[in-house]
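Please work through the following exercises with the sequence and the model open beside the text.

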Protein chains: 2
Amino acid sequence: MNSRLQFLLESLRKLLRRNAISRVRKVLHKSRNEDVASVMRYLDEAQRHQVFDLLETNEDRSETLAELDENLFIEIVTTRPVEHMAQIISLMSVDDQTNLLSHLPEDVKVEILSLLTPEDVAELQEMLDYDRETAAGIMSTEYFSLEEDSTCAEAIEALQHAEDVEMAFYIYVVSRQEKLTGVVSLRALLMNPPATPLAEIKTQDTIYVRQDQDQEEVAQLAARYNLLAIPVVDDKQKMLGIVTIDDVIDVIREEATEDILKMAGADETAYDDSSAWSNFRTRAPWLFATWMGGLAASVLIGLYEHQLQKEVALAAFIPIVLGMGGNVGSQTATIIVRGLATGRVEYGLGAQYLVRELTIGGMLGIFYGILLALYSAVRYYDGQPLALAFTVGLSIWASMLTAAIVGASTPLFFHRLKIDPAIATGPLVTTAVDVLGILVYFLFAQWFMEI
Amino acid sequence: MNSRLQFLLESLRKLLRRNAISRVRKVLHKSRNEDVASVMRYLDEAQRHQVFDLLETNEDRSETLAELDENLFIEIVTTRPVEHMAQIISLMSVDDQTNLLSHLPEDVKVEILSLLTPEDVAELQEMLDYDRETAAGIMSTEYFSLEEDSTCAEAIEALQHAEDVEMAFYIYVVSRQEKLTGVVSLRALLMNPPATPLAEIKTQDTIYVRQDQDQEEVAQLAARYNLLAIPVVDDKQKMLGIVTIDDVIDVIREEATEDILKMAGADETAYDDSSAWSNFRTRAPWLFATWMGGLAASVLIGLYEHQLQKEVALAAFIPIVLGMGGNVGSQTATIIVRGLATGRVEYGLGAQYLVRELTIGGMLGIFYGILLALYSAVRYYDGQPLALAFTVGLSIWASMLTAAIVGASTPLFFHRLKIDPAIATGPLVTTAVDVLGILVYFLFAQWFMEI
């Protein structure tokens, strides 16, 4: 938290404790609503409601509400008079309304919809029907479009009277059938003679997305072409809205967080106020794969009980053989999963990456294998030091090599099947490495130690 | 890769193979330079150079070069006549030049600098001195500023004649001493009477960053306040440049990738054409911590050799006890590390998160402990089933609980010490969980099984 927010939070806490209402009002008046929203999560529930009440206008309340974390806006909306909330919500932009309503409990949503104007409801219903993860799901319907034969002067005139147009940097040029045909930048408007028709200065090769394209693709396009907003069209090229850069940033952020958490078998609820129980349910299934892998390892070890009895030193190296394999496996898997997500790893080049990871895994295996072989020979010099050294050294090498192959090929394979590699890779790699590691270990042991 | 790029890549490959030079030229002419840069990495080196040569103008070459991945632009710049490259580089914006030059080998950089104009070099030298991870390191010096007494009409007029101004959405208002005093949006210019002085319509509360602020903070500000560009000032509030939203997106992307790779003990070189050997050197140290943890576990198991001899079934459950602990530990650590990076977890609330992760870890431990206790009692019913069940059940529980504590507290602790939690957490958690897991396991075994 930066010092500006820290200061705001401390002032609010102090003044609320002293019940210095008019001074709280003054502080809120001087603050940006985004900042107020940011610090609200560190206040307790009663203070949060007080601050929300003490905001100057319903516009401020609406802006603050739009910036709040999901669990907080649900808390506020569901515990206050629905009429008042409907008034505040009606002041939001359609995309913020959609986002908020789609997260509310069904009954509250219905009640609020019943209090909005029929036009608002019609537009909202349409937006609520779109999949939240698509271009249409994150678009704003407040954009600025004109027909092709409008002139620059008309465009400037229209722009001066436009209201409610979210960040107008581009004028979208449409045909009479509302089909998107090009884009004109605000700067181009200023640089050309007033009488120039937009058709003459519009871009020829417009980047746009279809309504059902994944939000991640939209973010990639905006980043690649450095666009401030991307138009969204339907199957017939009719313009529906725009996805603005601030939403693109949110998408990039969220998708990165989602990927990181997914690879660890968790999700966003880890940060919510949701109960430990709901977290338990999210995280338990992923661990079940680890449990199954561990169980399989234990069954296998059970089969070699006789050998272990003869050479109990073998037990001491099981954790390190599995641990090194497991970690190389997850290292490799992480590199490939993130590479696929950012486009740095291409499925078409899969074989190339496989060879590369195999080489690195093999090199790491040789290094750590030799290291452990030396240690084991010194530690158990009174038994069969050479045989044990070969067993543990080669096992580490084989386990790390196998892990690199499994870690690199699993995400590529899932990507091919269009299954999200971030979810599926972790547990599979763990399990495979556990089972293969133990097998390899006891096979080498039987071979070298004649047990 | 989207179908547009796929198509471009395939056309280029086919035409280059056939040596259909004029058709390659035509394809390149119709394509966006960003797209050409994107597909160049999938061509082989000879084709890459051919494409670069066949681009229409030096402007196209300069734009393409600016969009290339680091290893590719180094390849191109270092293998071609330095005079030609200097010409092309001189066409780039200063921030692109800085980025490119800072990645080149020292001798090539010096040679290119010697071929640029003295003014360019002066500006570049200054930029090259800034830390690449700060606001100044990623800023562009091409922005649009005017003094406070300029009018809207003058601003529009000046804007129409401005060249080389990267994405002008804001007019920065400065004092006679070049100090930043406010911002005027392009839209505000159009909405106000031509004679209005900028001082009257500028924002009162301008968001800006100091030159040495971390790039991640800049990205967070831009995202929080939905800004298209953030002005960068020096200690005396003098304006130095702007960080534009496209650079902010790159920062957010890179930082997320960096964090993900760091947690797995790897870095960006994993995607470069750098040798397997250099990858080995990056990844080996992180694995060394795992190796040490495994070794410590093996030493501990060695101490309990006598007990293992008596009850060899114990060996079978070592991997699952350590594996479950390790995975809960890394799950918890991932949640906290990412939470700290995105601001979802605040250090001030550390205790709260600790309690929460402890509860979840405990619940998961109880669940999987009972599951494993049941299995062990059934599997080894002919030994001391009850004692073994208690041993493994309680060990899993204790190991998962410990792992949750270590996994949650380690990143919070490193964050407090201002050490990047993403680097340090992984190895420490693995090692701690291995050692503590084994200790707990054999302590329970001694207690319940009287060995």
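**Exercise 1.** Determine whether B:Asn19 is buried or exposed, and describe its backbone.

*Solution.* Begin with the classes: a residue is buried if 20 or more other C-beta atoms lie within 10 Å of its own, exposed if 12 or fewer, and partly exposed in between, with C-beta atoms placed from the backbone. B:Asn19 has 9 other C-beta atoms within 10 Å, and therefore B:Asn19 is exposed. Finally, read the backbone angle: phi of B:Asn19 is near 60°, a positive value in a residue other than glycine.

Two remarks on the source apply throughout. The model is predicted, so that local features need pLDDT of at least 70 and side-chain atom pairs count only at pLDDT 80 or more, while totals for chains, interfaces and linings use all residues. Residues are numbered from 1 along each chain as its sequence is written, and chains are lettered from A and ligands numbered from 1 in the order in which they are written.

**Exercise 2.** Follow strand S5 (residues 229-233) of chain A through its pairings and work out why it is largely enclosed.

*Solution.* Two strands pair if DSSP finds at least two bridges between them. Strand S4 (residues 209-210) of chain A is joined to S5(A) by two bridges, and these strands run parallel; within this pairing, A:Val209 has A:Val232 as its bridge partner. S5(A) also pairs with strand S6 (residues 239-244) of chain A, in the antiparallel sense and over five bridges, with A:Ile230 standing opposite A:Val243. S5(A) and S6(A) form a hairpin with five residues between them, and in the turn A:Gln237 has a positive phi of about 70°.

Because five of the five residues of S5(A) are buried, the strand is largely enclosed by the rest of the structure.

**Exercise 3.** Describe the three-stranded sheet of chain B and what helix H15 (residues 215-224) packs against.

*Solution.* The sheet is open, has the order S4-S5-S6 (chain B), and shows mixed pairing. Strand S4 (209-210) and strand S6 (239-244) of chain B stand at the edges with a single partner strand each, so one side of each is left without a neighbour in the sheet. H15(B) lies across S4, S5 and S6 of chain B and runs at about 135° to S5(B). The buried residues of H15(B) include B:Val218 and B:Leu221, and the buried residues of this helix pack against helix H3 (33-40) of chain A together with helix H11 (135-138), S4, S5, S6 and H16 of chain B. After H15(B) comes B:Asn226, whose phi is positive, near 50°.

**Exercise 4.** State how chains A and B are related and how they meet.

*Solution.* Superposing by least squares on the C-alpha atoms of residues with pLDDT of at least 70 in both copies, chain A can be laid on chain B with an RMSD of 0.1 Å by a turn of 180° and a shift of 0.0 Å along the axis. The two copies are thus related as by a two-fold rotation axis. In the interface, 82 residues of chain A are in contact with 82 residues of chain B. Since 96% of the interface residues of chain A are also interface residues in chain B, the copies meet through the same surface.

Note on methods
Contact = placed C-beta atoms within 7 Å. Helix = DSSP H or I, 4+ residues; strand = E, 2+ residues; numbered from the N terminus. Axes fitted to C-alpha atoms, helices over the stretch in contact; angles between N-to-C directions.
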